[in-house]
Amino acid sequence: MTLLALLIATLLPFGGMVPPTSQGGAPEATAFNPGHAPFAVEFGDAPIPYHIMAMSVMPATETHISVPDSGIVNAYVLDASDGTVRPDGNHAWHWTAPSAPGLYPITVRDMATRATVTINAFVLTPYDHRDQSLNGYAIGRYRTRPLRGDPAYKPPEGFIEVTPDTRQAQVSPHFTLEQFLSKQEATSPEYVLIRPALLWKLEATLEAVNARGIRANTFHVMSGFRTPYYNRAIGNRTPYSRHLYGGAADIFIDMNGDGQMDDLTGDGRATRADARWLADIIDHLTRDPNYEHLKGGLSAYGPAAHRGPFVHLDVRGKRARW
């Protein structure tokens, strides 16, 4: 069994262990569906852990897609909405992306069970870093040298274009594209970056939250992607913030729709304790060896005059706490 197959087989909160609850007692049965992939699929070197997942490629580039460890029992077919598909042996294909930026769904189907995995493939709009805007959308400037030589901090080659037709596109089972947009004022099109590992971490955290007895169908993403332009406009002088690279999110649970963190601890108030409750779940999750690849920064923030409590998480590749 490959690592990918093992991860999908064990995609349960806290490595399959039943966690304690904050309310006392065992978690109740829930209708929450985590949306795990019904079979293993790889897009390039990246696993697709959920039945729907967003991936990004540059125009006209070729990507290898496969169903690993499928053996010869089940037959799988791939259907791409556009681009060129070339078979590559048993249950593997080469997909060449279209040259035009946009959203191009790809479906892999198990013909025996009819189960599917959908890859929402976004062809990026290339960005010339000599400019500071893209089709009128303010971007600003990235540092040309990656932080400590880490390729995760390389200036992005391009961005996902967001139009009225794609704003509601699913990037994972419980999150949509528009949730990660920079909060700057803009007209269509807008642009965004989202790291697949961030989506994986958010989905795994959401599943763990539901297992702890808190019913939530998504997180409120207070801040996802930020352009360097917007990051400076709000007074953040950190030139290597993971938000700039699509690898961070500031989140809270808001199922009552009041725009604030819900009372998770049961004390009748929304305080830093609620943010810590959520942060503790994330910290516990990423200590599990099955989720070590999702390690990153984590911090719980208390309320301020203009907002409620929230949690910052990211996928910088190493543990960081503040």
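**View 1. Phenylalanine 159 is a buried ring.** At 0% relative accessibility, phenylalanine 159 counts as buried, because buried means under 20% relative accessible area. The model shown here, as in every view, is predicted. Tyrosine 127 has 7% relative accessibility, so tyrosine 127 counts as buried too.

**View 2. Tyrosine 127 and phenylalanine 159 form an aromatic pair.** A pair of aromatic rings is described by the distance of the centres and the angle of the planes. The structure holds 12 aromatic pairs. In the pair of tyrosine 127 and phenylalanine 159, the centres are 5.4 Å apart and the planes stand at 75°, which makes the pair edge-to-face. This pair links distant parts of the chain, 32 residues apart. Tyrosine 127 lies in the loop between S10 and strand S11 (133–134). Phenylalanine 159 belongs to strand S13.

**View 3. Seven names make up one aromatic cluster: Tyr127, Tyr142, Tyr153, Phe159, Phe225, Tyr240 and Tyr245.** Look next at tyrosine 153. The charged end of arginine 242 sits over the ring of tyrosine 153. That charged end is 4.5 Å from the ring centre.

**View 4. Three strands build an open sheet in the order S10-S13-S16.** Strands of a sheet pair through backbone hydrogen bonds, either parallel or antiparallel. Here the pairing is antiparallel. Strand S10 (125–126) and strand S16 (190–192) stand at the edges. Each has a single partner strand, so one side of each is left without a neighbour in the sheet. Strand S13 (residues 158–162) and S16 pair over three bridges. Find glutamate 161: the bridge partner of glutamate 161 is tyrosine 191 in S16.

**View 5. Strands S6 and S7 form a hairpin.** Strand S6 covers residues 84–87, and strand S7 covers residues 92–96. The two strands run antiparallel, joined by four bridges. Arginine 86 stands opposite histidine 94 in S7. Four residues lie between the strands of this hairpin. Glycine 89 takes a positive phi near 80° in the hairpin.

**View 6. The largest nonpolar core has 87 residues.** Ile65, Trp95, Phe180 and Leu278 touch the most other members of this core. Helix H2 (residues 196–211) gives the core its largest share, eight residues.

Note on methods
Residues numbered from 1 in each chain as written. Predicted model: local features only at pLDDT ≥ 70, side-chain atom pairs only at ≥ 80, totals over all residues. Heavy atoms only, no water. Core = buried A, V, L, I, M, F, W, Y, C linked by side-chain atoms within 4.5 Å. Buried < 20%, exposed > 50% of the residue type's maximum accessible area, 1.4 Å probe, protein only. Pairing = 2+ DSSP bridges. Phe/Tyr/Trp six-rings, centres within 6.5 Å; stacked < 30°, edge-to-face > 60°. Lys NZ or Arg CZ within 6 Å of the ring centre and 35° of its normal.
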